[in-house]
Number of protein chains: 2
Amino acid sequence: MNERIRVEKSILSENDKLASAARRQFLDRSVVVLNLVSSPGAGKTSLLEKTLQALRTEIRIGLIAGDVQTENDAERLLKAGGESVWPLVTGGACHLDARMVNTVLDGVDLGKLDLLFIENVGNLVCPSSFDLGELMKVVLISTAEGDDKPLKYPAMFRRSGLMVVNKTDLLGMSDFSMQRVIDNARSINPDLEVIATSCRTGAGLEVWFAWLKRLLSPVEL
Amino acid sequence: MNERIRVEKSILSENDKLASAARRQFLDRSVVVLNLVSSPGAGKTSLLEKTLQALRTEIRIGLIAGDVQTENDAERLLKAGGESVWPLVTGGACHLDARMVNTVLDGVDLGKLDLLFIENVGNLVCPSSFDLGELMKVVLISTAEGDDKPLKYPAMFRRSGLMVVNKTDLLGMSDFSMQRVIDNARSINPDLEVIATSCRTGAGLEVWFAWLKRLLSPVEL
């Protein structure tokens, strides 16, 4: 094992320990945590804006807005009515890791939240390797990106529980096929759930909201 | 300096050495090398397809098609008439580095090329840190991605010489403003050149072709 691989392994193992500790905290406080991942510009912040506007009176939502630079996303989420928004600027790093998220969590009263979104850096590669203690990764893909992306960035789609296909208002403007993107994604991850949305027209958002509410409902025994 | 930083520095320094050696080779053989970077799905392969179709009879073009997985892009470029196309699958890595490119260059007769495109992995963060010996990085951004991307991923726009704003056929379908994306990019890099294209309608492609031809022209003394 060369030095680089050894160091990467030790970084990941340290990350896994921190992520496990975070996951225990989230479970203890019954907070559902979703790690939102995508290419830059697929619409993570827009989806969160719509979610806040629709659900913030019935669900206590917190948001950690990760970015390489700028607090633009955090500012947009505050404007959309977010009361619990924490910017997390990586200062150049290509992904969030559990240590960075921990620095934010130190100032968060988890008892006051039902649902916590962690908006990752826009990057379809690196964030797939870093567990943040989330219940699930949700991967967004925009119809403007091409329907072969699940095949080209398989780790991200393999490690996600839900794929949101966003910008359906642009369908027909390119060769993107909804059936192909679903087939490609499920060839990587047969259990992947799929929801199609347009944050611009509002199409499909009710399905996303219902999905979130189901995730938050106590399990009936 | 902790172990991680030390290893990263040594990796970059090794990369810089290899990139410098590659750059010398390219100069010796008078090959113009462009490192194409963007988010996933911004249109790097489409732009290269159009470029091959238009210029391959007058310019000897080589293409190294980098991807995390699949040789889809290389296959598309072969179909578009590329005679010198080399797939470069990183097998999970989030960027190309000079060592990977070197493994391809070992089998390339640079004397038979005027222009070599290296199509990087779709990722607006990590590829910015790795010199491949190119003359210039060309960053693509799609109008579907949002006009604040230069501010959120500044390193990539700072280190590029040209920004191609692609998918102009989608202008008006979102809040994307051409003026804002140019202002944002030039606030990071005042010398950045800008070309707007639509690979779908063909708009602006002649400007891109003319830019390439100018780059390939011998300097008049």
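**Briefing on chain A**

The loop between α7 and β7 of chain A holds A:Pro190. The model is a predicted one, in which local features need pLDDT of at least 70 and side-chain atom pairs count only at pLDDT 80 or more, while totals for chains, interfaces and linings use all residues; side-chain values use heavy atoms, with hydrogens and water left out. Residues are numbered from 1 along each chain as its sequence is written, and chains are lettered from A and ligands numbered from 1 in the order in which they are written. Helices (H or I, at least four residues) and strands (E, at least two) are DSSP runs, numbered from the N terminus.

**The loop residue**

- A:Pro190 is exposed, with a relative accessible area of 61%; exposed means over 50%, buried under 20% and partly exposed in between, using a 1.4 Å probe and protein chains only.
- From A:Pro190 to A:Glu145 the C-alpha to C-alpha distance is 21 Å, and the two are 45 residues apart in sequence.

**The sheet**

- Seven strands of chain A form an open, parallel sheet in the order β3-β2-β4-β1-β5-β6-β7, where two strands pair if DSSP finds at least two bridges between them.
- At the edges stand β3 (84–89) and β7 (193–196) of chain A, each with a single partner strand, so one side of each has no neighbour in the sheet.
- Neighbouring strands of this sheet are turned by 20 degrees against each other on average, direction ignored.
- Six bridges join β5 (136–142) and β6 (160–166) of chain A in the parallel sense, and A:Val139 has A:Met163 in β6(A) as its bridge partner.

**Helix α7**

- Helix α7 (178–188) of chain A lies across β5, β6 and β7 of chain A and runs at about 165 degrees to β6(A); axes are lines fitted to C-alpha atoms, for helices over the stretch in contact (heavy atoms within 4.5 Å), and angles run from 0 to 180 degrees between N-to-C directions.
- The buried residues of α7(A) are A:Val181, A:Ile182, A:Asn184, A:Ala185 and A:Ile188.
- They cover an arc of only 165 degrees around the axis, taken from the directions to the C-beta atoms, and therefore lie on the same side of α7(A).
- These buried residues of α7(A) pack against β5, α5 (149–152), α6 (154–158), β6 and β7 of chain A.

**Helix α4**

- Six of the eight residues of α4 (98–105) of chain A are buried, including A:Met100 and A:Leu105.
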